[in-house]
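Subject: Structure handover

Hi,

Here is the structure I promised to pass on.

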Amino acid sequence: MLEEAGEVLENMLKASCLPLGFIVFLPAVLLLVAPPLPAAAARKRRSPRGAGMSRTRAEVDATLQAAKLRAAELLPTALSLRFGPGAPCCLLELEPALCRHLEAGRSLVIRGEKDEQAVLCSGDRTYELKVADTSNLLLCIPGCQTPEQLAREPAPPDLIHAEIFGFANNYWELRRCRPKLQKLRRLLMENTYEGPDSPKEVDSNHSRYTTEDLLDVVQASEEEIMAHLRVLNACEIGGHWRILEFDYEMKLLNHVTQLVDSESWSFSKVPLSICLQELGPLEPEEMIEHCLKCYGRRYIDEGEVYFELSADKICRATAQMLLQNAVKFNLAEFQAVWQQSVPEGMVTSLDQLKGLALVDRHSRPEIIFLLRADDLPEGNQERFNALFSVREKWTEEDIAPYIQDLCGEKQTTGALLTKYARCSVQNGVRVYNSRRPVS
Amino acid sequence: MEKIWEITRAEGLAEWVLMELQGEIEARYSTGLAGNLLGDLHYPTEGIPVLIVGQHILQGEIIHLEKSFVVLVKHTPREQDCDELGHQTGTTRYLVTALIKHKILFKTRPKPIITNVPKKV
């Protein structure tokens with residue numbers, strides 16, 4: 001919870017204020033800070049604070065002698081450490097990549113609303129923030145050099161006075177996590193784009209989000225947000241990011257595929273300029289170009305812009321259009337209608353529907369129904385619960401597309417299945433079911 | 001209002017050292033620790049760093065940190081950071097004032113220093 005994190009942070013800052021006196025935790029050892037040994041007798045009458053009084057090298061040497069350390073065995077430089085006035089500070093542990101990010105002058109941002117776990121974002125990565133407690137005392141000391149640093153000095157001094165800036169007994173640690181992007185889709189679905197003539201466009205009461213707005217509320221780095229906007233086929237219209245209403249997106253696609261058919265073009269060489277010319281009277285040019293970008297790959301040949309349309313993407317969208325009209329379909333009938341509905345020359349295949357639809361080969365007749373990965377919950381346990389409510393036992397091949405996005409860095413779907421599911425063998429086939437009873 | 005904290009580096013990014021101690025530190029007098037000496041730190045030419053605190057001597061080790069620490073200091077907003085109504089803008093800023101790549105860890109039991117005659121300086 002960001003609020004709690006905020007409180008902890010504030011408490012940490014207060015705790016680091018030196019004038020509080022002392023920190024109490026497991027006392028492994030009790031140390032007393034007192035005026036240094038040899039001069040103890042002489043100092044008894046002086047003020048205990050000793051502020052403004054600097055130790056001299058002679059005093060340090062005297063202490064060394066009393067401690068029976070031989071100066072010959074030590075580096076010539078000693079450091080005298082003193083507590084400073086005390087300032088609130090806190091420690092954040094950073095991996096080398098993040099250090100470099102900061103050193104280069106870029107910033108890190110901590111994001112989260114009251115009901116969300118706080119995350120820290122760099123330009124392209126997202127991390128969970130956790131407070132790590134330690135029973136040890138951590139002192140931050142500016143100007144305190146290590147032997148290696150001293151060795152590099154041409155003329156190291158015989159005494160360095162270092163003032164302790166502050167102390168802490170906890171620090172922030174980071175763990176890389178998946179960006180929380182489901183919120184992005186949810187926000188953009190609040191007001192889908194249905195075309196320029198839709199009454200929604202005139203009414204300014206509907207929610208609209210600019211890039212800045214999204215950066216403020218989505219718990220992900222900028223690059224991760226931009227990448228996901230491309231996945232969602234979102235379009236920046238009038239400075240705001242919009243997801244197209246599915247029927248409108250299909251309308252645009254149909255214009256394009258029909259034009260390709262009537263002009264007898266190859267799907268791998270669709271000229272942009274002629275598309276805009278022919279379809280411009282029907283739909284805004286930006287929308288036609290957006291459709292081509294979503295369903296094809298842009299390239300330039302002899303100075304002209306062309307698009308290579310993706311059969312996989314077009315077949316998949318066509319399937320979604322068919323499947324969303326009913327709860328389930330007879331598989332054989334669906335496959336026939338689907339093949340007839342796609343542009344001539346494209347070949348449909350069930351592989352194109354991973355993460356979009358699920359086939360049930362155990363029912364008679366075999367059926368297929370819509371099941372979209374991005375309609376499922378974002379949390380790991382919740383996602384598995386939802387999947388097991390749909391179907392009790394899954395093969396790895398069937399479930400993998402629906403848990404692929406849960407994988408962290410270097411994590412496989414296999415590892416997730418081991419953690420969240422129970423494996424058994426049924427009719428010679430390995431299947432996975434829930435570890436707990438699913439309601 | 002959503003809470004956003006922005007962390008950026010301060011103008012000069014210094015390198016500090018972290019010293020890690022087990023236990024508590026108390027001031028002999030109840031005036032608090034501020035301004036008081038902690039002790040002397042020595043580096044043997046070969047061997048372990050030594051810290052003399054009061055009447056104890058501690059032996060430690062220097063550890064190069066795999067993951068560095070940064071020290072964050074809250075940045076107090078100036079006049080310009082408030083909007084027309086005088087409310088602070090939604091972003092709280094923390095400045096990274098220092099980078100810590102090494103720590104000196106003292107985890108062994110301190111040994112008392114026994115003196116017979118305090119040497120007069």
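Below is what I found in it, topic by topic.

One thing before the details: this is a predicted model, so please read everything here as computed from predicted coordinates.

**Chain B**

I'll start with chain B, which has zero helices and eight strands. Going from the N terminus, its elements simply run β-β-β-β-β-β-β-β. The chain has 121 residues, and 47% of them are buried. If you take the contacts in chain B with a separation of 6 or more, 70% come from residues 24 or more positions apart.

Arg93(B) pairs with Glu6(B), with 3.2 Å between the closest N and O atoms. Arg93(B) sits in strand β7 (residues 91–106) and Glu6(B) in strand β1 (residues 3–22), so to speak two distant parts of chain B, 87 residues apart. Arg93(B) is partly exposed, at a relative accessible area of 31%.

Over all chains, the count comes to 18 salt bridges.

In one of them, Arg125(A) forms a salt bridge with Glu95(A), and the closest N and O atoms are 3.4 Å apart. Arg125(A) is in the loop between β5 (119–121) and β6 (126–142), while Glu95(A) is in the loop between β3 (90–94) and α4 (96–103), so the pair ties together parts of chain A that are 30 residues apart in sequence. Both ends are partly exposed: Arg125(A) has a relative accessible area of 26%, and Glu95(A) has 23%.

The other joins Asp375(A) and Arg185(A), at 3.3 Å from N to O. This pair links distant parts of the chain, 190 residues apart: Asp375(A) lies in the loop between β16 (367–370) and α15 (380–390), and Arg185(A) in helix α6 (residues 182–188). Is Arg185(A) buried or exposed? Arg185(A) is buried, with a relative accessible area of 13%.

**A helix pair in chain A**

Next, have a look at helices α11 (residues 272–279) and α12 (residues 285–295) of chain A. Their axes come within 10 Å and cross at roughly 135°. Angles over 145 degrees would count as roughly antiparallel, and α11(A) and α12(A) are therefore oblique to each other. The crossing of these two helices is right-handed.

Which residues of α11(A) and α12(A) make the contact? On the α11(A) side they are Leu272(A), Cys275(A), Leu276(A) and Leu279(A), and on the α12(A) side Glu285(A), Ile288(A), Glu289(A) and Leu292(A). Sorted by class, that gives six nonpolar residues, two charged ones and no polar ones.

**Ile368(A) and its surroundings**

Ile368(A) is in strand β16 of chain A, and it is buried, with a relative accessible area of 0%. Leaving out residues up to four places away in sequence, Ile368(A) touches Leu323(A), Lys328(A), Phe329(A), Leu331(A), Phe334(A), Leu350(A), Leu353(A), Ala357(A), Leu358(A) and Val359(A). For Leu331(A), the C-alpha to C-alpha distance to Ile368(A) is 5.4 Å, although the two are 37 residues apart in sequence.

Finally, a few backbone points to check in your viewer. Most residues other than glycine have a negative phi, and most peptide bonds are trans.

- The peptide bond from Arg364(A) to Pro365(A) is cis, with omega near 0°. Pro365(A) is in the loop between β15 (357–360) and β16 of chain A.
- Lys68(A) has a positive phi, near 60°. Lys68(A) is in the loop between α3 (57–66) and β2 (74–83) of chain A, and counts as exposed at 65% relative accessibility.
- Asn427(A) also has a positive phi, near 55°. Asn427(A) is in the loop between β18 (421–426) and β19 (429–434) of chain A, and counts as exposed at 77% relative accessibility.

That's everything from my side.

Cheers

Definitions and conventions:
Residues are numbered from 1 along each chain as its sequence is written. Chains are lettered from A and ligands numbered from 1 in the order in which they are written. This is a predicted model: local features need pLDDT of at least 70, side-chain atom pairs count only at pLDDT 80 or more; totals for chains, interfaces and linings use all residues. Side-chain values use heavy atoms; hydrogens and water are left out. Axes are lines fitted to C-alpha atoms, for helices over the stretch in contact, and angles run from 0 to 180 degrees between N-to-C directions. Helices (H or I, at least four residues) and strands (E, at least two) are DSSP runs, numbered from the N terminus. Angles under 35 degrees count as roughly parallel, over 145 as roughly antiparallel, 65 to 115 as roughly perpendicular and the rest as oblique. A crossing is left-handed if the near helix is turned anticlockwise from the far one by less than a right angle, and right-handed if clockwise. Contact means heavy atoms within 4.5 Å. Ala, Val, Leu, Ile, Met, Phe, Trp, Tyr, Cys and Pro count as nonpolar, Asp, Glu, Lys and Arg as charged, and the others, Gly among them, as polar. A salt bridge is a side-chain nitrogen of Lys or Arg within 4 Å of a carboxyl oxygen of Asp or Glu. Buried means under 20% relative accessible area, exposed over 50%, partly exposed in between (1.4 Å probe, protein chains only).
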